[in-house]
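Me: I'm new to this one and would like to learn how to read it. Could you walk me through a few features, with the general idea before each case?

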Amino acid sequence: MPANITNTSIRNSNYRLLIWFTLLLLAGCSTIKNYPDQPFVYKTTLKVDTELPSSEKSDLVSSLENQLDDSLQVKWSRKRFRKILNRPAVFDTLYATQSVEYINDLLRASGFMYGNIKWDSSLVKVEDQQRVNVVFNVETGKRLRLDSVSYAFRDSTLLAIALNNSKESQLKKGDAFSNDKISRELDRLLNIYRNNGYLKINREDIYAEVDTVVSELIDPGLDPFEQIRLLEEVQKRRENPQIDIVFKQRGTENPEHLQQYRFREIRIFPDLSLMQDSSQAVPVSTGKNGISILSSKNLFKPPFLLRNNFLQPGALYKQEDVYKTNNVFGQLGAWQQVGIDLLPNDSLAVVDATINMFPAKKQNLTVDLEASRNATDIITTSNLFGLAINFGLHDRNVNRQAIQAN
């Protein structure tokens, strides 16, 4: 009996090994379909040499792989246990050189100014297939670090606002440089200005300038001794690359972009119909503290509307107050659409705001029919059948204050 058990166990183990071996063979099988009669891209390898930590290196490698030309991104598909490469791209050195440019652009945007990129290819013939393996070797070099961050706006108010909010900046001395961080800092400054009255300021008005040590070397009139000094400076920066960033103000081609606006007239249209706009006359008008509520159906109480409005006549324009007012009314559920139109007057540095609201259907009635059947053999065999009708009424504007009730 023990011998039989042992033989059975051995047979089962052999079967398992055979199955696993077969699966491994199938997993290793690859098929190339519809390949050209020219050398085609079979495999692309990206080798990155960098001092970054492993987690950051992994993210960088993933980003660099996306920079490769589409023809070099070999896309295998899997069908059951087989890998399939369908219609591989014809290999062209032009795509490889373009990929080098794309990789270099990403490295520079990420702060690697002194990177080195090389590529090579090898041809392997398998029957009538001409497989090309492409290898990119990327040395990122050292990453630029922020040495200083400063603001140099000609407009004294712009400068004061930037300095007063500089602690909120994400750019700190010693941090790694990247174009993305600079872009986020510009957006942060623009948001601050738009919440301090600057209604029209945009990316055309402010920019970031980096130090120009390298660019000065191409000046043909540069003194030889100054050129030597700059070359030494460049060498030092290669060993410990740092960069200075100054946020500046462009010219004054658009003076209205650099003036602060205040709210003048606030008009609220709480019950417009979809076929009606705020330019059409309405019979009822209620005014309070310079805010006009114009209603044709009197569906909402004026105090309720004033309570949820954050735009005040005479107050400095704030973009966040516009968004807040729009979001609060939009989330109450009583309106199917809410929009705010801003009408600036550049000569007076004021802006009028019109809050247009289109009510949703006030009440909604629902009817549900339910049926159930239960069979039981307790005591006697019988069937139980039940039928129910449920009515539901949803009101979106109880007491004319957008209170929801079911």
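This is a predicted model: local features need pLDDT of at least 70, side-chain atom pairs count only at pLDDT 80 or more; totals for chains, interfaces and linings use all residues.

Me: Let's zoom in. Where is aspartate 69?

Reply: Look in the loop between helix 2 (54–67) and strand 3 (77–79).

Me: Then what does the side chain of aspartate 69 make a polar contact with?

Reply: Its partner is the side chain of serine 71, at 2.9 Å. If you skip the neighbours within four places in sequence, aspartate 69 also touches Tyr95, Gln98 and Ser99.

Me: Next, helices. How do I read which side of one is buried?

Reply: Start with the geometry: an α-helix has 3.6 residues a turn, so residues three or four places apart point the same way. Now try helix 4, residues 156–164, where the buried residues are Leu158, Ile161 and Ala162. Those three lie on the same side of helix 4 because they cover an arc of only 100° around the axis.

Me: What do the buried residues of helix 4 pack against?

Reply: Three elements: strand 7 (145–152), helix 5 (179–194) and strand 9 (242–249). While you're there, check the start of helix 4, where a side-chain oxygen of aspartate 155 comes to within 2.9 Å of the backbone nitrogen of threonine 157.

Me: Back to salt bridges. How many does a search of the whole structure find?

Reply: Nine. One of them pairs glutamate 168 with arginine 188, at 4.0 Å from N to O. Glutamate 168 sits in the loop between helix 4 and helix 5, while arginine 188 is in helix 5, 20 residues apart.

Me: Are the two partners, glutamate 168 and arginine 188, buried or partly exposed?

Reply: Read the relative accessibility. Glutamate 168 counts as partly exposed because its value is 48%, whereas arginine 188 counts as buried at 13%. Salt bridges with shared partners also join Glu168, Glu185 and Arg188 into one network.

Me: Which side chain does aspartate 346 meet in a salt bridge?

Reply: That of lysine 200, at 2.9 Å from N to O. This pair links distant parts of the chain, 146 residues apart: aspartate 346 in the loop between strand 13 (335–345) and strand 14 (350–359), lysine 200 in the loop between helix 5 and strand 8 (206–210). Aspartate 346 is partly exposed at 32%, and lysine 200 is partly exposed at 25%.

Me: And which residue forms a salt bridge with arginine 264?

Reply: Aspartate 352, with the closest N and O atoms 2.8 Å apart. Here strand 10 (residues 262–269) supplies arginine 264 and strand 14 supplies aspartate 352. Arginine 264 counts as partly exposed at 40% relative accessibility, while aspartate 352 counts as buried at 13%.

Definitions and conventions:
Residues are numbered from 1 along each chain as its sequence is written. Side-chain values use heavy atoms; hydrogens and water are left out. Helices (H or I, at least four residues) and strands (E, at least two) are DSSP runs, numbered from the N terminus. A polar contact is a pair of N or O atoms within 3.5 Å; within protein, one must be able to donate a hydrogen and the other to accept it, and residues adjacent in sequence count only if both atoms are side-chain atoms. Contact means heavy atoms within 4.5 Å. Buried means under 20% relative accessible area, exposed over 50%, partly exposed in between (1.4 Å probe, protein chains only). The arc is that of the directions from the helix axis to the C-beta atoms.
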